[in-house]
Amino acid sequence: MIAQEPGHDCPLCPRLAAFRAQWRAAEPSWFNGPVPGFGPADARLLIVGLAPGVRGANRTGRPFTGDYAGDLLYGTLIDFGFASGTYRADPRDGLQLHDARIVNAVRCVPPENKPTTEEIRTCRPFLAATIAAMPRLAAIVALGKIAHDSVVVTLGEKMSRARFGHGARREIGGLTLFGSYHCSRYNTNTGVLTPAMFQAVFRDVRAFLDAAA
């Protein structure tokens, strides 16, 4: 049975391992490894991102910590009761997740934030192991199309029956999958995603989980 998390020196994707090595040499004090999930394993909500950012999670070792995407994500999670504390872009900030866990579809930082199809496929067993180890899991929020498609494949559904869309909601194998545009600075700066649009997704998730409680 595969572990939920790859080792710190995971060699499965040679290009990503080489990129990690470059950053370890340049910034030896950074985390520079596959970023583990954050949040309780008995959570009912799993949030799946794309991959760590170079100066975000790759630096800090916690998903969505250290860049703008974390500002929007964690602020929204606090607003809807999925987190408490103060997000300070530092894994020592004391922020806690409640009934929610966060992982990335690809655990290592990719060059230019663009993992290859093979790298996404290679890392998918870790996503599958995470899902399998969450006994109370009821809902998944996929941030962006790559994360969404990886979740769909992991759950054994045909892509044609669960296409990505912001605000889309799909029932797959007893789980409910919610789609959202990724909360990246690029998407918010270009107007693809507004804070209100992002909050609307988590409002739906909150209502869904509250109704099921």
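In which helix does Thr 130 lie? I began my entries with this point: Thr 130 belongs to helix H4. I note that the model I consulted is a predicted one.

**Entry on Thr 130.** I looked up how accessible this residue is. Thr 130 has a relative accessibility of 0%, and therefore it counts as buried, since buried means under 20%. I then listed its contacts, leaving out residues up to four places away in sequence: Thr 130 touches Gln 4, Leu 46, Arg 101, Val 103 and Arg 107.

**Entry on strand S4.** I next turned to strand S4, which spans residues 100-104. Five of its five residues are buried, and the strand is mostly covered. In a regular strand the side chains alternate between the two faces of the sheet.

**Entry on the partner of S4.** I recorded that strand S1, residues 45-49, runs parallel to S4 and is joined to S4 by five bridges. Val 48 stands opposite Val 103 of S4.

**Entry on helices H4 and H5.** I returned to H4, residues 117-132, and compared its axis with that of H5, residues 145-154. The two axes come within 10 Å and cross at roughly 65 degrees, so H4 and H5 are roughly perpendicular to each other. The crossing is right-handed. From H4, Ile 120, Arg 124, Leu 127, Ala 128 and Ile 131 meet Ile 146, Ser 150, Val 151, Val 153 and Thr 154 of H5. I sorted the residues of this contact into seven nonpolar, two polar and one charged.

Key:
Residues are numbered from 1 along each chain as its sequence is written. This is a predicted model: local features need pLDDT of at least 70, side-chain atom pairs count only at pLDDT 80 or more; totals for chains, interfaces and linings use all residues. Side-chain values use heavy atoms; hydrogens and water are left out. Buried means under 20% relative accessible area, exposed over 50%, partly exposed in between (1.4 Å probe, protein chains only). Helices (H or I, at least four residues) and strands (E, at least two) are DSSP runs, numbered from the N terminus. Two strands pair if DSSP finds at least two bridges between them. Axes are lines fitted to C-alpha atoms, for helices over the stretch in contact, and angles run from 0 to 180 degrees between N-to-C directions. Angles under 35 degrees count as roughly parallel, over 145 as roughly antiparallel, 65 to 115 as roughly perpendicular and the rest as oblique. A crossing is left-handed if the near helix is turned anticlockwise from the far one by less than a right angle, and right-handed if clockwise. Contact means heavy atoms within 4.5 Å. Ala, Val, Leu, Ile, Met, Phe, Trp, Tyr, Cys and Pro count as nonpolar, Asp, Glu, Lys and Arg as charged, and the others, Gly among them, as polar.
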